[in-house]
Amino acid sequence: MRNTAMNMVHKLAARDERVLYIGSDPGAGTLRAMSKEFPKRHLIEGISEAHIIGMSAGLAMEGFVPYVNTIATFLTRRCYEQVAVDLCLHNLPVRLIANGGGLVYAPLGPTHQAIEDIAIMRALPNMTVICPCDADEAARMMDKTLDWTGPIYIRLGKGGDAIVSKAEHGFEIGKAILMRPPGDVLMVTTGIMLQRAIAAADLLAAQGIRAGILHMHTVKPLDTEALLQAIRGIKLLATLEEHVPSGGLGSAVAETLIDKLGSGLPAMLRLSLPDRFMHNYGSQDSLLKKHGLAPNAIATSIEHALAASRTSSPQLHST
Amino acid sequence: MIQISPHAEAALTCTLDERSLYLRRLVLGSVRSAGRGHVGPALSLIEMVRVLYDDVLRIDPQNPRDPERDRAILSKGHGCLALYALLADRGFFPLSELDGFCGSDSILGGHPEYGMVPGVEASTGALGHGLSIGVGLALAARMRERSYRTFVLLGDGEINEGSVWEAAMGAAKHGLDNLVAMIDYNKLQSYGPTDYVLPLEPLADKWRSFGFAVQEINGHDVGALRTVLKQVPAVPGKPTAVICHTVKGKGLPPAESNADWHHKNKLSDSELDAIRVAVGDF
């Protein structure tokens with residue numbers, strides 16, 4: 001996914017002279033081909049994220065479209081005030097390409113695990129937040145970023161994630177994709193939780209439970225219309241995210257339902273990471289599994305929540 | 001023992017001409033109307049802003065977004081009363097707006113906002129942002145082969161922020177000789193002396209070692225400011241830093257070098273009298 005997104009920056013640069021790549025201190029050889037073809041538009045500016053965001057703002061004020069790239073935690077935590085003031089307050093078209101969203105950097109520990117990035121980015125007025133699920137979708141997504149007004153936070157997965165997105169679904173920023181029609185259950189996912197949701201839906205189907213999947217690649221602006229359409233007739237709404245419970249996809253969905261419906265909400269299950277820093281290493285998959293976000297555990301949680309929802313009045317469940 | 005710069009001594013003793021007094025009347029009139037404002041940080045800055053807008057910047061108040069205009073960013077946004085006075089006086093917006101300072105429907109807030117105030121290039125107020133934005137503007141000029149220059153006005157307290165020094169390294173890396181950092185070195189930040197809060201000296205050496213061509217002047221000396229600012233870049237291929245030795249609250253004796261006047265709420269009758277004595281009726 002990362003290589004695809006990077007290569008798309010090169011392709012966009014070839015198409016449009018406004019496009020810049022700005023890295024802090026990325027891996028050796030990042031976008032080497034672009035650096036050779038467009039050396040003046042391939043900028044490596046050092047481990048100085050606060051400065052890089054401000055500089056990108058200045059370049060965007062003059063008509064450039066900078067694609068800023070570094071590790072997700074550094075692009076969010078380190079320079080939050082610059083993102084808020086320089087990018088969001090001025091509503092400038094700077095794209096933040098965040099490597100290693102979620103638990104991609106599991107072995108590197110909590111300094112490198114972006115577990116609250118969606119929350120803090122979506123809290124900012126004017127910010128758009130996108131979490132593609134695989135490399136193919138990342139390519140379609142990048143194509144749509146060129147002329148989008150305002151800043152975008154792009155949360156990238158590790159790369160090598162199974163391709164589950166489909167070309168025929170296309171990609172529009174802010175338009176969710178219904179991957180499977182809803183049954184008793186609707187799962188709402190973002191990023192690489194889609195692959196887990198598909199596997200979980202297969203397991204549930206084997207148990208006779210039909211579970212739909214709404215892929216909310218854009219967490220902000222949230223596709224309210226698609227969400228309200230997809231929850232019609234369901235008994236349980238489950239949100240899946242590689243993120244702490246506060247402020248992420250589950251929060252966004254719950255807020256939207258409360259604001260739009262007020263009452264008569266479906267039973268809801270928010271599956272997420274716990275509200276704490278990870279103190280385990282291993283791999284993205286092993287940490288997801290540890291926290292109940294592997295397909296088996298997702299299917300089991302949904303099964304239990306569905307059973308509970310049938311015996312009680314509508315209520316909000318949370319892990 | 002830190003040696004006191006002769007420019008700092010000159011800043012303390014130099015007198016102000018009628019235009020400088022007039023601009024102070026505008027600033028203090030805004031404070032009187034609003035019942036609040038950063039007085040000290042604006043008064044130390046007035047001559048720097050005055051010379052920029054009167055003599056240096058290639059700007060057209062009737063066409064404030066002219067692509068060829070010089071860019072100026074007030075990175076120490078809390079000094080905005082000085083900027084507002086100059087922008088109003090130069091015709092970017094009516095002088096009457098100054099009386100609405102900080103009012104609920106005013107275009108003039110306690111920190112300057114892009115899109116609200118004609119002539120303001122960037123919203124500032126959070127410190128340590130302006131030089132990085134300036135690097136972006138200056139680099140864009142280079143890439144677009146445009147001749148505009150970028151001036152960034154920084155506070156001395158502001159340069160406590162590490163991001164300023166990240167930006168300084170970036171400016172030097174790119175050899176941005178179309179970029180000028182002007183430091184309002186009044187030596188007094190909100191709590192107290194810069195030497196106490198976080199010592200900056202040797203300040204000129206710091207900027208020099210970060211790759212800037214450095215000039216030091218009395219920041220209230222209009223002639224010296226004109227001379228230095230009309231000769232940028234001081235060294236081709238290098239960004240310029242102009243360290244302007246100033247006096248916080250300059251021109252208003254009770255406020256001079258007095259941290260209590262960093263931000264002022266309602267002015268008392270005796271304070272209003274002192275202002276009239278210092279700058280004339282307003």
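# Briefing: helix α7(B), its surroundings and the A–B contact

The buried residues of α7(B) pack against α3 (49–61) of chain A, and also against α6, β2 and β3 (179–185) of chain B. The model is a predicted one. In it, 19 residues of chain B are in contact with 21 residues of chain A.

**Contact between the chains**

- The contact involves 19 residues on chain B and 21 on chain A.
- On the chain B side, two elements give two or more residues each: α6 (130–144) and α7 (162–173).
- α6(B) gives the most, with 10 residues.
- By type, the chain B side divides into 10 nonpolar, 7 polar and 2 charged residues.

**Helix α7(B)**

- α7(B) has 12 residues, which should span 16 Å at 1.5 Å a residue; the end C-alpha atoms are 17 Å apart, so the two values agree.
- Its buried residues are B:Ser163, B:Val164, B:Glu166, B:Ala167, B:Ala168, B:Gly170 and B:Ala171.
- An α-helix has 3.6 residues a turn, so residues three or four places apart point the same way.
- The packing partners of these buried residues come from both chains: α3 of chain A, and α6, β2 and β3 of chain B.
- Just after the helix, B:Gly175 takes a positive phi of about 55 degrees.

**Sheet of chain B**

- Five strands form an open sheet in the order β1-β2-β3-β5-β4, with parallel pairing.
- The edge strands are β1 (71–74) and β4 (213–218), each pairing on one side only.
- Neighbouring strands are turned by 20 degrees against each other on average, direction ignored.
- β1(B) pairs with β2 (150–155) in the parallel sense, over 4 bridges. Here B:Ala72 has B:Phe151 of β2(B) as its bridge partner.
- β2(B) and β3(B) also run parallel, joined by 6 bridges. Here B:Leu153 has B:Met182 of β3(B) as its bridge partner.

**Strand β3(B)**

- Is β3(B) enclosed or open to the outside? 7 of its 7 residues are buried, so the strand is largely enclosed by the rest of the structure.
- In a regular strand the side chains alternate between the two faces of the sheet.
- From β3(B), B:Leu179, B:Ala181, B:Ile183 and B:Tyr185 point one way.
- B:Val180, B:Met182 and B:Asp184 point the other way. Residues on both sides are buried, B:Asp184 among them.

**Nonpolar core**

- The largest nonpolar core has 193 residues.
- Which residues have the most contacts inside it? They are A:Ile302 and B:Met182.
- Helix α5 (80–89) of chain B supplies the largest share of this core, 9 residues.
- Not counting residues up to four places away in sequence, A:Ile302 touches A:Val185, A:Ala200, A:Leu204, A:Ala211, A:Leu236, A:Ala238 and A:Leu269.
- B:Met182 is also one of the buried residues of β3(B).

**Helix α10(A)**

- α10 (249–261) of chain A has 13 residues. From first C-alpha to last it reaches 18 Å, close to the 18 Å expected at 1.5 Å a residue.
- Its buried residues are A:Leu249, A:Gly250, A:Ser251, A:Ala252, A:Val253 and A:Leu257.
- The cover over them includes helices α6 (117–122) and α9 (224–230) of chain A. It also includes strands β8 (185–189), β10 (218–220), β11 (236–240) and β12 (267–271) of chain A.
- Just after α10(A), A:Gly262 takes a positive phi of about 75 degrees.

**Backbone details worth checking in the coordinates**

- Most residues other than glycine have a negative phi, and most peptide bonds are trans.
- The peptide bond from B:Glu201 to B:Pro202 is cis, with omega near 0 degrees. B:Pro202 is in the loop between α8 (194–197) and α9 (203–209) of chain B.
- B:Val232 and B:Pro233 are also joined by a cis peptide bond, with omega about 0 degrees. B:Pro233 is in the loop between α10 (222–229) and β5 (240–245) of chain B.
- A:Asn91 is not a glycine, but has a positive phi of about 50 degrees. It lies in the loop between α5 (80–89) and β4 (95–99) of chain A. With 15 other C-beta atoms within 10 Å, A:Asn91 is partly exposed.
- A:Asn126 is not a glycine either, and has a positive phi of about 75 degrees. Its place is the loop between α6 and β5 (128–130) of chain A. A:Asn126 counts as partly exposed, with 15 C-beta neighbours inside 10 Å.

Note on methods
Residues numbered from 1 in each chain as written. Chains lettered and ligands numbered in written order. Predicted model: local features only at pLDDT ≥ 70, side-chain atom pairs only at ≥ 80, totals over all residues. Contact = placed C-beta atoms within 7 Å. Nonpolar A, V, L, I, M, F, W, Y, C, P; charged D, E, K, R; others polar. Pairing = 2+ DSSP bridges. Axes fitted to C-alpha atoms, helices over the stretch in contact; angles between N-to-C directions. Expected span 1.5 Å × (residues − 1). Buried ≥ 20, exposed ≤ 12 C-beta atoms within 10 Å, placed from the backbone. Core = buried A, V, L, I, M, F, W, Y, C linked by C-beta atoms within 7 Å.
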